[in-house]
Amino acid sequence: MKTLSVSLLLVLFIWTVCVWADRGRQKRAWIIDSFTIEEENPGPFPYILGKIELERSYLVRYVLKGQGVDLEPKGILNIDKEGYVLVHGKVDFERFKVLKSTFEAINNSNTEVETRLGVHIKILDINDHAPEFQQTVYQVAVNESEPQGKEVLRVLATDGDDSSTNNGTFDLTIKSFTPKQDNVEFYIQQQKGQKYGTVYFRGCLDYEKAQTYTILVEAKDKGEKIQLSSTSTVIINIFDENNNLPGFSGKTGPGKVKERETEVEVLRLQVTDKDKRGSKAWKAKYTIHGDKREQFKIETDPNTNEGILTVVKQMDYEEQSYQNLSISVQNEIPYFSCKVKKQVPNAMWELNKIPQNSGMSVENLYNTIPVTIYVEDVNDPPVFTPSVKHVHIMENIAAGTSLATFTAKDMDGSHINTFKFVKGEDIDGWITVDAKTGLVSTNKILDRESPFGINGTYRATLYAVDDGVPPLTGTGTLFIHLNDENDNVPMLEVNTVNICLDKEPTVANIKAVDLDLPPHSSPFHYELLGDVKDKWRVEPTHGNTTIYFTHPNPPYTIPH
């Protein structure tokens, strides 16, 4: 705090007191003047403030006590025997705004107090305090996408002088800010009588032009003789947002892929971006256009920000020898734009803006690059046409019977190969294959009830193997469906049945099976052979299952 010269007014409030002496004594009148003194008056001390004149006919002595004498602030005032009031030091308004003391006139003859007056000394403020900020340095962070007129922060200051006078009131102003640029301007607003001011900006913040602004804010009082001031520094750190779109700068890689290859990197796309490296405003996000078959994917390299184009589905040279695509690039967070159109004094500036997250379409602003991926022809395996055949024949046909002829073709456009037919899976050796023609014939008599068939169907495979390097193979499948013949006799499930004879009829279930299918199998006709009349019978005699009965009164004795 600076030490300043301040004016004070010492006012003595006097109450007139009528003092009566002993019998026959006349009334005495006291007349006390008003005095003026400056706060922080440098002296020299002591100096005479004034004199108290008395009309008296007897001897008295003067006493001054209370604040300024024997109470804090002690030793500032006293009164001599002649009635002169003396000042011995400075008084600080900020500590003592009123000094309350007592003046007494004491009779020398009997030490009685002839007069006692209450004296209030009002201390008037002078401008001896500069405004002080709550903080000498303020720091705040602001996104560069914030709109103009946005509150940046508030600064607070106080003044130790009397706030009801000009000495204790102050104005807040921005003295300077750096760096000085034509795209932004800072200003401060202070409501009347308020001790704080709010810092705002107009225009456009731009991280690429300035990452930090330093503002010097001044608080200056309105003192009449002298104005005192102090300053505070406001540091505004700008956070980068996405106000720069990435642009393509090159591409590397083969730009081609062998047919049928997948998960192969074919291109790397390079971009540049003026936003802060590593931030979401800098990180690129790529999109593929024209990939109807979804044969490609593109990912971002987290270290270089390159776009990595990869083949994810097999491509066939015979179907397409190249693929045209286009790749667009944007950032991970939405784009915004702010450009100053016109600076308007003491008002919001005219701007051309694309606000962030405004919903405005900005896809037409994204940079796009065309790319062509070429497909390299490689040796393709032969392809059966069709790859699966079904043959329906009767079982038990002779070995060497022709079943089907398979055909295959070479799909290569630039590698013309010859191929041969080879038997593949044939677990029970049912077929033979002609290597040149693809004719499939039976190798033996075929049995529908063979355990190697499933529900009368047998599966075999054959291969078409080309003479490429390396040789490649195509696969064909033959399903042989055998029609049933009555080539199996029915058989009882069990050949022996044990029963116990009793006075009552006894029964036993008898069941037959036949490996053939209807009508060459069930229902069966059952018949008992031998001497069975009136002894045994079966019911029913026609069906899948019969019941064997013993006669209730057998012609032989049943042991007990």
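These legends walk through several close-up views of a predicted model.

Residues are numbered from 1 along each chain as its sequence is written, and side-chain values use heavy atoms, with hydrogens and water left out. Because the model is predicted, local features need pLDDT of at least 70 and side-chain atom pairs count only at pLDDT 80 or more, while totals for chains, interfaces and linings use all residues.

**View 1. Phe384 and Phe406 meet edge-to-face.**
Across the whole structure, a search finds 12 aromatic pairs. To pair, rings of Phe, Tyr and Trp (its six-membered ring) must have centres within 6.5 Å; planes under 30 degrees apart count as stacked, over 60 as edge-to-face and the rest as tilted. Here the ring centres of Phe384 and Phe406 are 5.8 Å apart and the planes stand at 85°, so this pair is edge-to-face. Phe384 belongs to strand 27 (residues 383-384), while Phe406 sits in the loop between strand 29 (402-405) and strand 30 (408-409), so the pair ties together parts that are 22 residues apart in sequence. Strands (E, at least two residues) and helices (H or I, at least four) are DSSP runs, numbered from the N terminus. Phe384 counts as buried at 5% relative accessibility, and Phe406 is buried at 0%. Buried means under 20% relative accessible area, exposed over 50%, and partly exposed in between (1.4 Å probe, protein chains only). Look also for Lys389, whose charged end sits over the ring of Phe406, 5.3 Å from its centre. For such a contact, NZ of Lys or CZ of Arg must be within 6 Å of the ring centre and within 35 degrees of the ring normal.

**View 2. Trp430 and Tyr458 are stacked.**
The ring centres of Trp430 and Tyr458 are 3.9 Å apart and their planes are at 15°, so the pair is stacked. Trp430 is in the loop between strand 31 (419-423) and strand 32 (431-433), and Tyr458 is in strand 34 (residues 457-466), so the pair ties together parts that are 28 residues apart in sequence. Both Trp430 and Tyr458 are buried.

**View 3. Four rings form one aromatic cluster.**
The members are Phe177, Phe186, Phe201 and Tyr213. A separate ring contact to look up is Arg202, which lies over the face of Tyr187 at 3.9 Å from the ring centre.

**View 4. Cys204 and Cys338 form a disulfide.**
A disulfide is a covalent bond between the sulfur atoms of two cysteines. With a cut-off of 2.5 Å between the sulfur atoms, the count comes to one disulfide. The sulfur atoms of Cys204 and Cys338 are 1.9 Å apart. The torsion about their S-S bond is about -70°, so the disulfide is left-handed. This pair links distant parts of the chain, 134 residues apart: Cys204 is in the loop between strand 14 (196-203) and strand 15 (212-221), and Cys338 is in strand 24 (residues 337-342). Both Cys204 and Cys338 are buried.

Strand 15 and strand 16 (residues 229-239) run antiparallel and are joined by nine bridges. To find your place in strand 16, look for Thr233, the bridge partner of Leu216.

**View 5. Arg260 forms a salt bridge with Asp380.**
Side chains of opposite charge can pair when their charged atoms come close. A salt bridge needs a side-chain nitrogen of Lys or Arg within 4 Å of a carboxyl oxygen of Asp or Glu, and the whole structure has 18 of these salt bridges. The closest N and O atoms of Arg260 and Asp380 are 2.1 Å apart. This pair links distant parts of the chain, 120 residues apart: Arg260 is in the loop between strand 18 (256-258) and strand 19 (264-272), and Asp380 is in the loop between strand 26 (367-376) and strand 27. Arg260 is partly exposed at 32% relative accessible area, whereas Asp380 counts as buried at 6%.

Conventions
Pairing = 2+ DSSP bridges.
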